[in-house]
Amino acid sequence: MVAQKNADVQDFDINCGSNYETKSLQVITIRGAPTGIDGLAEEATAIDESVLTHRCILPWVFVYSYHIEAEKLKDALEVALSIHPVLSGRVSPAKPSEVRGDGSLRKFQLAHTNDGVHFVEASSVLRIQNFTHKAMARKSHNANSGMPMYCEAIDRWALMRGKEPLMKIKLTHLQDGGSVLAITIAHVAVDGRSFVDFVHYLAEEYKGKSSSVQHPFHNRLVLEPSTMEASLLAVRREQKSRMSGVVTAAGKSLPVRLQSRSDPSGAYKSNVQCEIEGEETKSEGGECSASRSHWLDVPTPSVWGAMSAMWKLGSSLRKQRQRFPKMGRELSTEILHIPEGQLRRLRSLATASCGPREYVSTNDCVGALLWTTICELRGKPLPGVNSMSDGGRLALAIDLRKNGLEHCVPDNFFGNASWSIQIESEKEEPQAGENSADPTSTALCVAARSIRSNLVKFREDEEAPIHLVKSLRKLQAAKFSSKVMVISETLLHYDVFMTSWQFPIWEIDFGCGGPHNFQGIMHPTPPFHAISFPANPADTGLCLAVTIPASAVDRLHNSPVLKRLAPNAKFLT
């Protein structure tokens, strides 16, 4: 292979097999140090058992400008696996007759078998300069395309039969001394937050500093509805006792301390709801929310209902395929960098029509920008004027550790504690004199307010996360026609799916600084899906990895919405 030092790195595609030639130095299995808990199994939660989770793989790539020693990494990995034993185990399929206490069928468990993970060491003639965002971008792929050449693939079907490891690692040494650390983990074992926690622990152990890192919490039973309900009841009892000034054994009254969740501005206050053995108490702040929104509603089984839902979805997809030829067969992932200054301007635009006490976060504004951009790209009504017969929702992934389950799921929970909620667009009633207003700016404001208000409603409803998990379990046990209706209705109304990886990715240091570059992938990757993650500290701001049909790339790069709302944002691909 010709040396790449004279190659045009801007046009170099390292995903092409002919460009990325490696020499395997070793392929081994690494097991965790004995812990005495081998043979145990973690019960899969409703989130783990969702098809969107257990059929998904997370290949993440960290590119370093310095050499990572394979032997030290293997030693660190052995220790890290003993602290995170689920990653060294296997999926244990359940027998058809296995039933849980709540009557639902058990699908599988995550067994601590300590069968180990695959570790591959390789070398390449490539250099650190070849690993740019543009070179690493996934062009002309489809939803089920294989992994990039520098990642180890996990067979999703063999995985669920217990025949594949839950994690594979590939360390590639570059010609100029750099390193590519590619870690592929089955989503059934972890979410993005837990993924980063594991890699951070691995890096600290590599440096001999893991003693300062908090150990993970492994009990997945905290995500069982019965556990969550018991925990919530205990919190309500404590609040009830504090509100009524219960006298302690020492004769002192307990101070009233209401643990309401609020935004930094103080604009949104949670109502305090206490329910003890059928008794309900409401705070003076207003009536407690008893509504159950459309986080996930399972309809009554109906063959005709399923056929109608499929017909509506098929009609919508036919229109989209006319707009984007080969929509499902050729996809492209584009990286949009939004600098810090542009984020401040975007937030100023998004809050222009908000009241003085209304709060929207930077992440709300980025989600609003994405939502408005994709609606214009797809030819759908912009947020605020959506027709519920075609679009009108953003699917937003949230971390339940910080959104409603703080009382029972600890911050160091290791597993899947993230799920998506449907954000409905608010209706914007036109006012006198607003006919000349810029519709994209209006849509941005409405979208940002919609995201914030839906999140606040979810957080204020203490039972919303429990209802969500129960609905997931109910959906998995539902009749086929009910599943068809839920999936069809979701896809019909969904404009774009967004997940936010606001993790300390760039602080993962194996001795000489954080990564030079990072690539996070979800496999398979659906169209109209975006991942938000922090930009390299040298660039500031954040990045959006947007997956769209390949035929829509030029239209996205020339989007009038982006030119109007974020003119300083630049595509890195």
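Over the ring of which residue does the charged end of R378 sit? The ring is that of F528, with the charged end 4.0 Å from its centre. The model is predicted. Its aromatic pairs come to a count of eleven.

**Pair Y64–F510**
- Y64 and F510 form an edge-to-face aromatic pair. The centres are 5.4 Å apart, and the planes make an angle of 80°.
- This pair links distant parts of the chain, 446 residues apart. Y64 belongs to strand 3 (residues 57–64). F510 lies in the loop between strand 14 (494–500) and strand 15 (517–520).
- Y64 counts as buried because its relative accessibility is 0%, under the 20% cut-off.
- F510 has 3% relative accessibility, so F510 counts as buried too.

**Pair W506–F518**
- The ring centres of W506 and F518 are 6.5 Å apart. Their planes meet at 75°, so this pair is edge-to-face; the cut-off for that class is over 60 degrees.
- W506 sits in the loop between strand 14 and strand 15, while F518 is in strand 15. The pair therefore ties together parts twelve residues apart in sequence.
- W506 and F518 are both buried.

**Ring cluster**
- W506 and F518 also belong to a cluster linked by ring pairs. Its members are W60, F62, F195, W501, W506, F518 and F533.

**Charges over rings**
- K72 lies over the face of Y206, 4.5 Å from the ring centre.
- R378 places its charged end over the ring of F528, at 4.0 Å from the centre.

Note on methods:
Residues are numbered from 1 along each chain as its sequence is written. This is a predicted model: local features need pLDDT of at least 70, side-chain atom pairs count only at pLDDT 80 or more; totals for chains, interfaces and linings use all residues. Side-chain values use heavy atoms; hydrogens and water are left out. Rings of Phe, Tyr and Trp (its six-membered ring) pair if their centres lie within 6.5 Å; planes under 30 degrees apart count as stacked, over 60 as edge-to-face and the rest as tilted. Helices (H or I, at least four residues) and strands (E, at least two) are DSSP runs, numbered from the N terminus. Buried means under 20% relative accessible area, exposed over 50%, partly exposed in between (1.4 Å probe, protein chains only). A charge sits over a ring if NZ of Lys or CZ of Arg is within 6 Å of the ring centre and within 35 degrees of the ring normal.
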